[in-house]
Amino acid sequence: MLTLTRELHDAILAHARRDHPDEACGIIAGPAGSDRPERFVPMLNAARSPTFYEFDSGDLLRLYRDLDDRDEEPVVIYHSHTATEAYPSRTDISYAGEPGAHYVLVSTAECGNDEGPFSFRSFRIVDGEVTEEEVRIVDTYGD
């Protein structure tokens, strides 16, 4: 199960809506080994595409150096789907390289940039196997 604060949930959703019609992407970092998402890190979709996302290689290198300096790891890796359901594509599965991470997908297919219906789902992806998990939204950790 992924437990996420309302603030982080809303930040992911706002990023997805803001970047629509292109896919949005980023991570939420947390203390290494904690499985506790704490620090929202929106990234630029270097592909600038409505059907594909990729982190800029320079940005990704800086991100991992920063994570290392802070003794953090990517607890959540998120991106949006702008025209399809919030489920990992074959490409998403092939690029899933963090077996301990929660992979969050947000579909903005119905709402676009506006308020309205959206889908917010989380998955574990290990060795190409996709398992959906429950998402629990809390005001603060400890709730």
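**Strands, salt bridges and surface charge in the predicted model**

His-79 is buried, with a relative accessible area of 4%, where buried means under 20% relative accessible area, exposed means over 50% and partly exposed lies in between, as found with a 1.4 Å probe and protein chains only. The structure is a predicted model, in which local features need pLDDT of at least 70 and side-chain atom pairs count only at pLDDT 80 or more, whereas totals for chains, interfaces and linings use all residues. Residues are numbered from 1 along each chain as its sequence is written, and side-chain values use heavy atoms, with hydrogens and water left out. His-79 lies in strand β4, strands (E, at least two residues) and helices (H or I, at least four residues) being DSSP runs numbered from the N terminus. Between His-79 and Leu-13 the separation is 66 residues in sequence and 9.7 Å in space, taken from C-alpha to C-alpha.

Strand pairing was examined next, two strands being counted as paired if DSSP finds at least two bridges between them. Strand β5 (residues 102–107) and strand β6 (residues 119–126) run antiparallel and are joined by five bridges, and within this pairing Val-106 stands opposite Phe-120 of β6. Strand β6 also pairs in the antiparallel sense with strand β7 (residues 129–133), again over five bridges, and here Ile-125 has Val-130 in β7 as its bridge partner. The strands β6 and β7 form a hairpin with two residues between them, and Asp-127 in the turn has a positive phi of about 50°.

A search of the whole structure finds 11 salt bridges, a salt bridge being a side-chain nitrogen of Lys or Arg within 4 Å of a carboxyl oxygen of Asp or Glu. One of them is formed by Arg-17 and Glu-115, whose closest N and O atoms are 3.4 Å apart. This pair links distant parts of the chain, since Arg-17 is in helix α1 (residues 6–19) and Glu-115 is in the loop between β5 and β6, 98 residues apart. Arg-17 is buried, with a relative accessible area of 10%, whereas Glu-115 is exposed, with a relative accessible area of 68%.

A salt bridge also joins the side chains of Arg-121 and Glu-85, at 3.4 Å from N to O. Here too distant parts of the chain are linked, with Arg-121 in strand β6 and Glu-85 in the loop between β4 and α3 (90–95), 36 residues apart. Arg-121 counts as buried at 19% relative accessibility, while Glu-85 is exposed, with a relative accessible area of 53%. In a further salt bridge, the side chains of Arg-36 and Glu-38 meet at 3.0 Å from N to O; Arg-36 counts as partly exposed at 37% relative accessibility, and Glu-38 counts as partly exposed at 40%. Salt bridges also link Arg-39, Asp-66, Arg-70 and Glu-72 in a network.

On the surface, Asp-68, Asp-69, Asp-71 and Glu-73 gather in a patch of negative charge. Patches are made of residues with over 30% relative accessible area and no salt bridge, like charges being joined within 9 Å and nonpolar side chains (Val, Leu, Ile, Met, Phe, Trp, Tyr) within 5 Å. Asp and Glu count as negative and Lys and Arg as positive, while His and the chain ends are not counted.

Methods
Accessible areas come from the Shrake-Rupley method with a 1.4 Å probe; for residues, only the protein chains shown count as cover. The place of a charge is taken as NZ of Lys, CZ of Arg, CG of Asp or CD of Glu.
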